[in-house]
Amino acid sequence: MEPIPPTPLLTPYKMGQFNLSHRVVLPPLTRCRAYGNVPQPHMARYYCQRATPGGLLITEACAVSETARGYPDVPGLWTDEQVEAWKPIVDAVQANGAVFFAQVWHTGRATTAGFDGVEIHAAHGYLIDQFLKDSANDRDDDYGGSLKNRCRFATEVITAVAGEVGAHRLGVRISPFSDYMDCHDSDPEALALHVIRGVLNPLGVLYCHFVGPRMRVNPDDGKLALQHMDMVLPFRRAFMGTFMVTGGYNQKAAQLSPTPMRTLLAMDGCSWRIPTCQSDLRGTPR
Ligand SMILES: Cc1cc2nc3c(=O)[nH]c(=O)nc-3n(C[C@H](O)[C@H](O)[C@H](O)COP(=O)(O)O)c2cc1C
């Protein structure tokens with residue numbers, strides 16, 4: 001009998017110092033259940049349910065200052081109380097063998113809580129994205145106008161965080177094609193390539209978390225464009241590190257995607273379109 005080829009997404013991958021046992025990543029998913037911005041004990045259960053030995057989990061976006069909060073009851077990382085509350089959650093996830101990165105909006109104190117690494121949220125119309133995109137950035141100083149100028153703030157933030165935690169433990173999420181919060185760009189391809197070649201590669205950032213063009217909404221019918229994964233190939237080729245793609249992948253699309261060399265796939269576990277929880281990957285439903 002012919003041996004069954006391994007499912008590409010379930011093959012191991014070495015991401016820098018991290019030995020991942022498969023390539024399905026839990027993406028950051030804001031839950032607004034960290035009451036008073038303090039991580040709650042129930043979050044250990046939530047993340048552990050999605051932890052697999054050698055799997056990569058990214059936290060919901062964590063605010064790193066009082067003024068960085070975009071929604072109520074998102075977890076914070078700017079007080080000692082918040083950092084201490086994260087520690088047992090991080091410990092529990094790591095005890096399950098998973099790798100745990102904190103997604104942050106600005107440079108902060110993420111790693112004091114014991115996370116394996118940090119992901120900078122430079123996507124979805126939040127502060128860094130507002131500098132990157134020409135629909136939102138109307139500055140006429142050194143931080144506006146040319147691509148280089150619009151990328152200056154991102155460069156400074158990413159450089160500062162890389163200096164703090166090390167580029168080998170740093171991921172950056174960008175969404176050049178998205179238009180959340182009316183934040184879009186007239187030339188997303190050029191923007192993406194500039195960020196990748198001009199900012200992420202020179203710094204040696206561990207991974208680029210790319211919200212792909214599949215998430216672009218078709219203005220005629222309001223539906224997602226959902227193009228083939230080939231759409232992201234130029235960006236994957238341009239980035240020297242691990243490329244993590246997200247946005248609009250269901251199980252079928254993920255299986256159709258080319259063998260993911262240097263590529264991880266972050267899929268939205270809350271829609272349960274693909275197994276991203278521990279029990280599904282282990283084949284023991286709960
Ligand atoms: C409920 C919900 C919360 C989300 N929270 C975040 C977040 O905190 N940070 C972030 O970068 N993206 C966030 N996203 C976007 C997801 O990480 C993911 O990129 C997006 O859902 C596209 O993947 P999908 O098509 O598999 O859902 C969120 C999405 C959903 C549905």
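Visitor: In which strand does leucine 20 lie?

Guide: Leucine 20 belongs to strand β2, residues 18-20. Keep in mind that the model is predicted.

Visitor: Why is leucine 20 called buried?

Guide: A residue counts as buried if 20 or more other C-beta atoms lie within 10 Å of its own. Leucine 20 has 21 such neighbours, so it counts as buried.

Visitor: Which residues is leucine 20 in contact with, leaving aside its neighbours within four places in sequence?

Guide: They are Pro12, Tyr13, Met15, Gly54, Gly55, Leu56 and Val99. Valine 99 is 79 residues away along the chain, yet the two C-alpha atoms are separated by 8.0 Å.

Visitor: What share of the contacts in the chain with a separation of 6 or more comes from residues 24 or more positions apart?

Guide: The share is 68%.

Visitor: What covers the buried residues of α2?

Guide: The cover includes α1 (42-49), β4 (56-58) and β5 (99-104). Among the buried residues of α2 are Val83, Trp86, Ile89, Val90 and Val93. Residues three or four places apart in an α-helix point the same way, because there are 3.6 residues a turn. After α2 comes glycine 97, with a positive phi near 90°.

Visitor: Where does helix α6 bend?

Guide: The bend in α6 is at isoleucine 196 and is about 30°. Helix α6, residues 188-203, reaches 21 Å from its first C-alpha to its last, close to the expected 22 Å. Isoleucine 196 is also one of the buried residues of α6, which include Leu191, Val195 and Leu200. Their cover includes α5, β7 and β8 (207-211).

Visitor: What makes strand β9 largely enclosed by the rest of the structure?

Guide: Five of the five residues of β9, residues 242-246, are buried, so the strand is largely enclosed. Thr242, Met244 and Thr246 are buried on one side, and Phe243 and Val245 on the other. In a regular strand the side chains alternate between the two faces of the sheet.

Visitor: How many bridges join β9 to β10?

Guide: Four bridges join them, and the two strands run parallel. Two strands pair if there are at least two bridges between them. Phenylalanine 243 stands opposite threonine 263 in β10. Strand β8 also pairs with β9 in the parallel sense, over five bridges, and there phenylalanine 210 has valine 245 as its bridge partner.

Visitor: In what order do the eight strands close into a barrel?

Guide: The order is β3-β4-β5-β6-β7-β8-β9-β10, with parallel pairing. Neighbouring strands of this sheet are turned by 25° against each other on average, direction ignored. Helix α5 lies across β6 and β7.

Visitor: Where is the pLDDT below 50?

Guide: The mean pLDDT of the chain is 85, and 83% of its residues reach 70 or more. The stretch below 50 is residues 269-286, which has 29 contacts in the model beyond near neighbours in sequence.

Conventions:
Residues numbered from 1 in each chain as written. Predicted model: local features only at pLDDT ≥ 70, side-chain atom pairs only at ≥ 80, totals over all residues. Axes fitted to C-alpha atoms, helices over the stretch in contact; angles between N-to-C directions. Contact = placed C-beta atoms within 7 Å. pLDDT = per-residue confidence, 0-100. Expected span 1.5 Å × (residues − 1). Bend = angle between axes of the 7 residues up to and from the residue. Buried ≥ 20, exposed ≤ 12 C-beta atoms within 10 Å, placed from the backbone.
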